[in-house]
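I opened my notebook to jot down what I could look up here. These are my entries, in the order I made them.

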Amino acid sequence: MNKDKKSKTKILILLLILVTVVSIVITVWAVFFRNTSPILAPDHAPQTTEENAEKMKDDGTEKMEAEEGGGAVSITYANEVTIDLKGKKAILLFANPQKSIQNMVVQLVIDNTVIVQSDILEPGNQVRELDLPDNAEKQLVKGGYDGKFVVSFYDPDSGEKASVNTEIPVSVTVS
C-alpha cells in the first residue's frame, strides 16, 4: 500500500507541475504576444478625400448650427458590413450628410484591430465600399464577427481632430 501511495503522490506532483507550466505559458503569451494595440485615429485629417466616395442627393437641408469652436454632425449608416476577401472590398453604407459641418474618417474595427479605414468623407458624401489592405485575408476568415465603426471628426478648415469620436456597433460577414 505504501508503493500505491507513493505512485499517487508522484502522479499528483506531475499533474501540478504540468498545470504550473501551462499557466506560465499562457501568462507569457498574454503579456508578450497577444495583440492589444489601441485603435489609433490620425490626429490630423488625411490629406486626401476618399476615392470611393460618392456625392449624395442634395436634400435641401441647411447646415447644422454649432457654437463657435464646436462641431455638429449627422451620420447615416447601415449596421451590416460584408467583407469580400477575394475582391478585397468591404461593402458598407456610411454617409456624412450635407447638413454636417465636419469632415469624417470611418474605421471598421474588429477585436481592437482596424480592418479598413477611409480617407476624408466631406459633408454630402457617402461611401459604399472601401478597399481592403493587402493583409486583410490573413486577419480574417469566412464567418460572422461583431465589429464597430469608429468615426473621427475633423475641422474642414484646419484639419484638426475633434476631441470626441463615435463608436457604432456593426455586424460583419466575411465571405
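**Entry 1: the hairpin**

I began with strand 8 and strand 9, which form a hairpin with six residues between them. In the turn, G159 has a positive phi of about 80°.

I then looked at how the two strands pair. Strand 8 and strand 9 are antiparallel, with eleven bridges between them. One pair I picked out was F149, whose bridge partner in strand 9 is I168. I also found a salt bridge here: K148 and E167 have their closest N and O atoms 3.3 Å apart. K148 sits in strand 8 (residues 143-154) and E167 in strand 9 (residues 161-174), so this pair ties together parts that are 19 residues apart in sequence. E167 is partly exposed, at 47% relative accessible area.

Strand 9 has another neighbour to write down. It is joined to strand 3 by four bridges, and these two run parallel. As an example, I noted that E80 has S171 as its bridge partner in strand 9.

**Entry 2: how confident is the model?**

I checked the pLDDT next. The mean for the protein chain is 84, and 84% of its residues reach 70 or more. Which element has the highest mean pLDDT, and which the lowest? Strand 3 comes out highest at 96, while helix 2 is lowest at 80. A reminder for my own reading: where pLDDT is low, the predicted coordinates should not be read in detail.

**Entry 3: rings**

How many aromatic pairs does a search of the whole structure find? The search gives one. The partners are F94 and F149, arranged edge-to-face, with 5.5 Å from centre to centre and 75° between the planes. F94 lies in strand 4 and F149 in strand 8, so the pair ties together parts that are 55 residues apart in sequence. Both of these residues are buried.

**Entry 4: salt bridges**

I searched the whole structure for salt bridges and got five. One of them links E54 and R128, with the closest N and O atoms 3.4 Å apart. E54 belongs to strand 1 (residues 53-55) and R128 to strand 7 (residues 125-131), so the two connect parts that are 74 residues apart in sequence.

Next I wrote down D134 and K88, where the closest N and O atoms are 3.8 Å apart. D134 is exposed, with a relative accessible area of 59%. K88 has 33%, so I put it down as partly exposed.

I also found a network: K89, E129 and D131 are linked by salt bridges.

I came back to K88 for its backbone. Its phi is positive, about 55°, although K88 is not a glycine. N112 does this too, with a positive phi of about 60° and no glycine there either. I flagged these because most residues other than glycine have a negative phi. N112 is located in the loop between strand 5 and strand 6 (113-117). With a relative accessible area of 44%, N112 is partly exposed.

Is N96 buried or exposed? Its relative accessibility is 0%, so N96 counts as buried; the cut-off for that is under 20%. N96 is in strand 4 (residues 89-96). I listed what N96 touches, leaving out residues up to four places away in sequence: among them are M56, S74, Q102, L121 and P123.

What does the side chain of S100 reach? I found the backbone nitrogen of S74, at 2.8 Å. S74 had already turned up in my list for N96.

Methods:
Residues numbered from 1 in each chain as written. Heavy atoms only, no water. Buried < 20%, exposed > 50% of the residue type's maximum accessible area, 1.4 Å probe, protein only. Contact = heavy atoms within 4.5 Å. Polar contact = N/O pair within 3.5 Å; in protein donor to acceptor, adjacent residues only side chain to side chain. Salt bridge = Lys/Arg side-chain N within 4 Å of Asp/Glu carboxyl O. Phe/Tyr/Trp six-rings, centres within 6.5 Å; stacked < 30°, edge-to-face > 60°. Pairing = 2+ DSSP bridges. pLDDT = per-residue confidence, 0-100.
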